[in-house]
Amino acid sequence: MRASQYFISTLKEAPSDAEIISHQLMLRAGLIRRLAGGIYTWMPLGLRVLRKVEAIVREEMNRSGAVELLMPAVQPAELWQESGRWEQYGPELLRFKDRHQRDFVVGPTHEEVITDVVRREIKSYRQLPRHFYQIQTKFRDEIRPRFGVMRGREFLMKDGYSFHASFEDLQREYTRMYETYTRIFTRLGLSFRAVAADPGSIGGTGSHEFHVLADSGEDAIAFCPESDYAANVELAEALAPPGPRPTANQPMKEVATPGKIKCEDVAAFLGLGIEKMVKAIAVMRDSEAVPFALLLLRGDHDLNEIKAEKIIGRFRFAHDGEIEQQLGCRPGYIGPVGTRDIPVIADHAVAAMSDFVCGANKPGYHLSGVNFVRDLPVPATVADIRNVVTGDPSPDGKGSLELCRGIEVGHIFQLRTKYSEALKCSFLNEEGQPQTMEMGCYGIGVSRIVGAAIEQGHDGRGIVFPSAIAPFELAIVPVGYGKSTFVREAANRVYDQLAAVGIDVILDDRDERPGVMFADWELTGIPHRVVIGERGLKEGMAEYQGRRDAEAEKVPLAEIAALVRLKVCS
RNA sequence: CGGGGCGUAGCGCAGCCCGGUAGCGCGCUUGGUUUGGGACCAAGAUGUCGGAGGUUCGAAUCCUCUCGCCCCGACCA
């Protein structure tokens, strides 16, 4: 490729609405351009990256025996009504009517469609197992699209669905996909981690997420350095503290804590550690006749809403008015003492506390030296409702947990029969009896990977792409291409040599100053660069520099092609 | 959807308080000089000041309403 015939459109300054580094760099490097909130055009250079990611995903999926197809982006509402998700999915599902007033959706995922395909096509256990996948544009009307391509509304996704005659066979395929995904992300050149995950709204039993490790990631991951335990914090279990509750040493007394609302402030004001505080969170439960309830957490712990939902069902946080009506007190000073029949759900850590501090249900006052049994009943429900924190014991009993952040780029689920049952997707087993198929589902966020790779690979000069997905592997930068025949001929020769052996090379034959060319190829993250100028040519030399290298190295012109081949392949 | 902020040239911004000819840097065009790290000089072009209404002799500026975007809280690849 010659740069003069290609389209390079870089920006010196990033648009001010780009918040994270990958978004800024993608805009500056001319990889994407925004059309509407969460909707982007993939510019030529960006498309090359996207296609490379796609190709690796496709290759590995095929290698693992999955079969590619392409399903419609637009789907009739009937299928969604049949699975029940027409009601469940909410406003994230983009719905519209056609000219006949029939309801349709723009597919955010394709469980319904693939299950429909399979129930029509597959009748016998002899035709199973089967794994179909597609790489397709999806649409989810995200509440708050942000971070460019990382949380867009329109995005490119690989989604695969497997169908099995037995759960054992589903587990076999699940393991195979786990390995396939590991291979894919390794080939992409990303630093990643597979973690146990919450199956969430898609439903089913087992589930793993694949996260690209990056500080800007939206997910928190708990992992144990001493073992291979790793889980999304949403799921990671906080073990109950061992041993009996310490005995009460202090009398309960009311202390004035004017203006101290947050646990940290109260702790500091009283000169106590924050782990002696108990915070009460007032919630309204959807399912209960008496919706109001209090959740108790240790001061230094955070509520895990997913865990809490599993214990008490769907809920929302109570409004200030509701809290005041129930407890006669503003939030900030609420607590579990003297609340009579208000249901109290305590985290394990709270149940193990003694001589603690909590709100007095009286504005401006807290209670100290509070103890269960003596001052308030032991909560009826004690459960794991908090996020794990650094230093918590690992649930597998081997050492303690650490936390890091990740960008979810892949997710595999054992769906079991959630959709096959709803859509009556069955087959005849060996006994000739109808049986519901077991299903697995496997997603990879293709477009998100591009953003994630940049989050992980960048420096002051721009993007540092892994070789496997860089828009070009090599940029040849001739200094004086238009002026010097020597330079032009040498550059053309090197270009021809490398292009002939299949290296993805761009020759910068634009009439630009060297600084502009250097800056462009650094910004766009091209991993290898060869500079050919009259100065070096006089000594028969060219220059090679890797994107991560601090300095260029001089290489005899005759050897440059061989060196580049070596570098590109390593 | 709730809370906060911002919409002025392709991009980054000033001007708004205190109404009176719409500006700066980058980019773009033309010419010249340059040519190993985002050049310099000269001459240019580019704006429904997000939109609609109102107040006013006069609105980018004040008022009302709208739309869009960004940030903070409930979703997911």
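Chain A divides into domain 1 (3-236 + 403-454), domain 2 (253-383) and domain 3 (472-569), with bounds from an automatic or database domain assignment. This is a predicted model, where local features need pLDDT of at least 70 and side-chain atom pairs pLDDT 80 or more, while totals for chains, interfaces and linings use all residues. Residues count from 1 along each chain as its sequence is written, chains are lettered from A and ligands numbered from 1 in the order written, and side-chain values use heavy atoms, without hydrogens and water.

Now domains 1 and 3. Their centres, over C-alpha atoms, are 38 Å apart. Domain 1 puts 12 residues into the contact and domain 3 puts in 11, contact being heavy atoms within 4.5 Å. About 1000 Å² is buried between them, 64% of it from carbon and sulfur atoms; that is accessible area (1.4 Å probe) lost on putting the two parts together, summed over both. On the domain 1 side, A3, I8 and R48 lose the most, together 43% of what that side buries.

There are 2 salt bridges between domain 1 and domain 3, meaning a side-chain nitrogen of Lys or Arg within 4 Å of a carboxyl oxygen of Asp or Glu. D504 pairs with K52 in a salt bridge, closest N and O atoms 2.7 Å apart.

Next, the second largest pocket. A pocket is an open set of points on a 1 Å grid over the protein atoms alone, where a 1.4 Å probe fits, with protein on both sides within 12 Å along at least five of seven lines; lining residues have an atom within 4 Å of a point. Its lining has 23 residues, with I261, C263, K279, A280 and G332 nearest the centre.
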